[in-house]
Amino acid sequence: MKKTNIDEINRNIYDIKNKDIYDYKSKKGLTKEIIEEISKQKSDPDWMREFRLKALETYNKLELPTWGPDISELNMNDISIYVRPKSKLNNSWEDVPDDIKKTFDNLGIPEAEKKSLAGVGAQYDSEVVYHSMKEDLIKQGVIYTDMETAVKEYPDIVKKYFMKCVPVYDHKFVALHGAVWSGGSFVYVPKGVKVDIPLQSYFRLNSPESGQFEHTLIIVDEGASLHFIEGCSAPKYNKVNLHAGCVELYVKENAYLRYSTIENWSKNMLNLNTKKAIVEKNGQIDWVTGSFGSKISMLYPMSILNGEGSKTEFTGISFAGKGQNLDNGFKVVHNAPNTSSVVNAKSISKNGGKCTYRSLVRINEDAKNSKSSVSCESLMLDDISISDTIPTNDIRNDEVEFSHEAKIGKISDKTIFYLMSRGLSEEDAKAMIVRGFAYPISKELPVEYAVEMNNLINLELEGAIG
Amino acid sequence: MLLEVKDLFVNAGEKEILKGINLKINAGEIHVIMGPNGSGKTTTANAILNNPLYQKKSGEIIFEGENINNLKTDEIARRGIFMSFQLPEEIPGVSVTNFLKYAKGKVTGKPVKIFEFKNELKKYMDELKMNPKNMDRSLNVGFSGGEKKKNEILQLLVLNPKLAILDETDSGLDVDAIKTVSKGIEMFKTNENSVLIITHNTKILHSLKPDYVHVLVDGKIVKTGDASLAKEIEENGYEKYKN
Amino acid sequence: MEILKLNETPVRTSRNFNINNIKLENVKIPEVVKNFTNVKIKNETDKIKIDSNLDELFLNYGVGNIFVEQVKKIANKKLKITIDTKIKKEVFIDFTLDEENNNLIDNIEIIANENSKATIYLKYESKISAFHNGVLKVIAKENSNIDVVIVNLLSSSTNNFLSVENEILDNAKVNFVIVDFGGNASITNLYSNIIGNEAENNINTIYLGKDNQLKDINYICDLKGKKSNVNIEVQGALKDSAKKHFKGTIDFKRGCKKSKGNENEFCMLLSDKAKSLALPMLLCSEEDVEGNHSSSAGKIGEKQLFYIMSRGFELKEAMKLIVRANFNNIIETIKNDEIKNRILYEIDTILD
């Protein structure tokens, strides 16, 4: 099983580098002048240019986090914050320039679009190069476009929601994002519309010593539902790349949103991403996350349950190998009665990698009759790796049911012996146990991603076990 | 000769458990090892499968004319020895079907045809009165004691080894379940393959006719006889074999 | 007045979570203190030596620098307890803070030598507004087995600061029972350095909070020896506007193969203004270990309450019964009946 999978997938598809050909690449560094120049290049409306400059001021005021992984190697003076590819926005793959199209072909995006997606957005470096959605969704009033188009065509909606869920002063890298954001997707699902087939945006960073700062804004209106998938990857370079995206999700009354992510950045990436959802009455946001890539990741999706009866589920797995420090987790704030949250987080550490589960569950004074249950499991595959669990549980009223459980351990020798007695080699036995460990997460992913995740696990286990 | 155990001494950690076991099993035979708790029955099974938790100090295990003392467990399994566990392990996230399909591919060395395989599995599960839903459940996770034991026999039938070692397969089962499990073993048994039953009680022997019965006390086989020996122990216990 | 940041966790998390440390304002820290005289020591055996010749052992953590320094400089009660053999008789040390002795700054060292065994009770009590800052260091040498019971019954206008550390060597065992009922702000730090192979540390804590009481509990357990073991069990109940911060860290250091660590924390909320904040951390740099933690909070189960009330108990009595039932496993580990009864009495009084 393992062998055939290895034959089917080639790690290199993620690592294929295109030449660093661009239409425009900003000077390295982060200054007022550079921001103004980007704003001009992007033909921002005035309000957006001012927004960027204000965000830059906030960035300069805020300090780096005093906790978590060491990110002192990040020097903004080494990074080009804006790289415009040599391509306009297209709605047909035919029109996308060959080298860029080939990249997405290799990643299987156009094929997945034909088979199992209702719409696709594809970003290359700082700009979206392809966006398309099925005709019937357009007819139902669903909007799925790149963020730049949204700023121009739907200014009222964007002004109302843009960086309101995640305000620029949240933390330093959100402020950075506010100043330099580029690309990303905008989705609006009108009242009562159920989008049965997922939409997917894929983010590819090709340019060395650069950053990607896409902004995703999704509004699922009353009674509507959506499954949105985000994928990301980059080829590996020697110097650090930076990803500081921002995802803002608004889930209205009785609406449902599932947000799935497979993160497979290259191992020179600093992934300092921010994701937040505000959920109204009886709405629900479900997060499904597989985190495999990046050198350092600090990512804690957050659900703010503002409406009575709103719900959230978080299902996530992190897999840290050599040289990786994945500091991931989840935050939830219960602000209304009868709200509920369920967390199922897993991590695997091997080859000196470090996984941290860091979280917050806050049940506020008004969130009477709320429930929260958290389960964390960590697997250590050797004795040179690290696995930390750092959950904060903040309970501020008595009408709650709250429970948190966490486990750390290794694969048991007895289990390995049992599987070997059925003819499996030791490596196969371990791989089977690890895949089984990850299964509750992979089964939540769309089929092709679940396969990709299993393949990634097999790849990560190659050479690590034996 | 299918299996020969010669003067086997085995430790579990510092403790000496087996103190010179000798055993010969020919193709087509059913053997039974009986003995009180702690006499070394489970150790015998684990030593044959080379569980690293047990260390062979001396002696030989010969399977089909070849010394398998130092083969890895999976190599032993692929040569045709199966062990039904007293306490089967739980493997979350791996379904019974997927696991068995994979294991069968490993043991036979041939790709498994899915359709045929599922039919075969279904047939066996019917015979063993197993809930068909268990096919898609995680291996042994949340299974009752009886379900776990039946699942071991299901694996025996699917993997179809040359020698089946059944470690306390009957313990903790009610009368009906013992009948079902015995039926499963009968389905497996042919004139070419062999069974080694390890047990401390004799209920399962009412339906299976052993060719040889060995009494294991304190790490040694103290008596070997035919089926009547099991009957005698059922009546009188192990007292007279203890020192 | 200066804001004190105390009881820092060994690993920081997001500042917005308000749990990396506890900030206290308007804490009066006495600068000059007279000798503390109101201490009763009941020691019926000459196998345990009690004197004031401290070894001045090094402290790794502590509640906060200012308090550790204060103990070093101006402790007004110093006790060194040396245990040489296995002793059945228990030692009782009772500190009563009163008008004459309203500041207690104690420095206690317990040295359990090889193969020794003993039980030590430390009780802190006051009816008046007072101040307590203490350091307790326990050294458990090879094969020793030491039980330490710490009972805080200070008045709710007394600030209580306690820094505990232990060092556990091969095959030694230290059992703590910590009863944390008193104090306005009661800040406890416990650092457990489990160095030895097959060393064991059990920390059992019960706490009760009422009015505006604050409990800040910070336990840090480093597992270093092979096959070592730590169990942390914390049970508590909060009424009125009481607040509790629990920070419990089990750190599996590289090399502590086959060690186990368990941590279980449960907070009963008896009022809608009570607040429970918890950070149960598991840090792990070793593969061959088993670590578990669980943390939960909520009010007393309504079914349970209904059942007890259907037997004729009024609400308050039923609540007391359930709290006592939850504390029972820990209270039962206390062998001395007088202390045990006193604790049960205090539970009844506080929950009245």
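**Domains, chains and a helix**

Reply: Let's start inside chain A. The centres of domain 1 of chain A and domain 2 of chain A are 28 Å apart, taken over C-alpha atoms. Keep in mind that this is a predicted model.

Me: How many residues does each domain put into the contact?
Reply: Domain 1 of chain A gives 31 residues and domain 2 of chain A gives 20 residues.

Me: And where do the domains run in chain A?
Reply: The domain assignment puts domain 1 at 14-410 and domain 2 at 411-466.

Me: What area do domain 1 and domain 2 of chain A bury between them?
Reply: About 2,300 Å². Carbon and sulfur atoms hold 69% of that area.

Me: New topic: the chains. Which touching pair has the most contacts?
Reply: Chains A and C, among the 2 pairs of chains that touch. There, 41 residues of chain C are in contact with 42 residues of chain A.

Me: What area is buried between chain C and chain A?
Reply: About 3,300 Å², with 49% of it from carbon and sulfur atoms. C:Phe17, C:Cys284 and C:Glu287 supply 19% of what chain C buries against chain A, more than any other three residues.

Me: How many salt bridges between chain C and chain A?
Reply: There are 6 salt bridges. C:Lys299 and A:Glu399 meet in a salt bridge through their side chains, at 2.8 Å from N to O.

Me: Now chain A and chain B. How many residues meet there?
Reply: The contact takes 20 residues from chain A and 31 residues from chain B. About 2,100 Å² is buried between chain A and chain B, 69% of it given by carbon and sulfur atoms.

Me: What separates chain B and chain C?
Reply: Chain B and chain C do not touch. Their nearest C-alpha atoms are 15 Å apart.

Me: Let's pick a helix. What span should α3 of chain B have?
Reply: It covers residues 96-108, which is 13 residues. At 1.5 Å a residue, the helix should span 18 Å, and its end C-alpha atoms are 18 Å apart, so the two agree.

Me: Which of its residues are buried?
Reply: The buried residues of α3(B) include B:Val96, B:Phe99, B:Leu100, B:Ala103 and B:Val107. B:Lys104 is also buried.

Me: What follows α3(B)?
Reply: B:Gly109, with a positive phi near 75°.

Me: Last one: what scores does the predictor give the complex?
Reply: An ipTM of 0.91 and a pTM of 0.89. For chain C, the mean pLDDT is 95, and 100% of its residues reach 70 or more.

Methods. Residues are numbered from 1 along each chain as its sequence is written. Chains are lettered from A and ligands numbered from 1 in the order in which they are written. This is a predicted model: local features need pLDDT of at least 70, side-chain atom pairs count only at pLDDT 80 or more; totals for chains, interfaces and linings use all residues. Side-chain values use heavy atoms; hydrogens and water are left out. Helices (H or I, at least four residues) and strands (E, at least two) are DSSP runs, numbered from the N terminus. The expected span of a helix is 1.5 Å times one less than its number of residues. Buried means under 20% relative accessible area, exposed over 50%, partly exposed in between (1.4 Å probe, protein chains only). pLDDT is the predictor's confidence in each residue, from 0 to 100. Domain bounds come from an automatic or database domain assignment. Contact means heavy atoms within 4.5 Å. Buried area is the accessible area (1.4 Å probe) that two parts lose on being put together, summed over both. A salt bridge is a side-chain nitrogen of Lys or Arg within 4 Å of a carboxyl oxygen of Asp or Glu.
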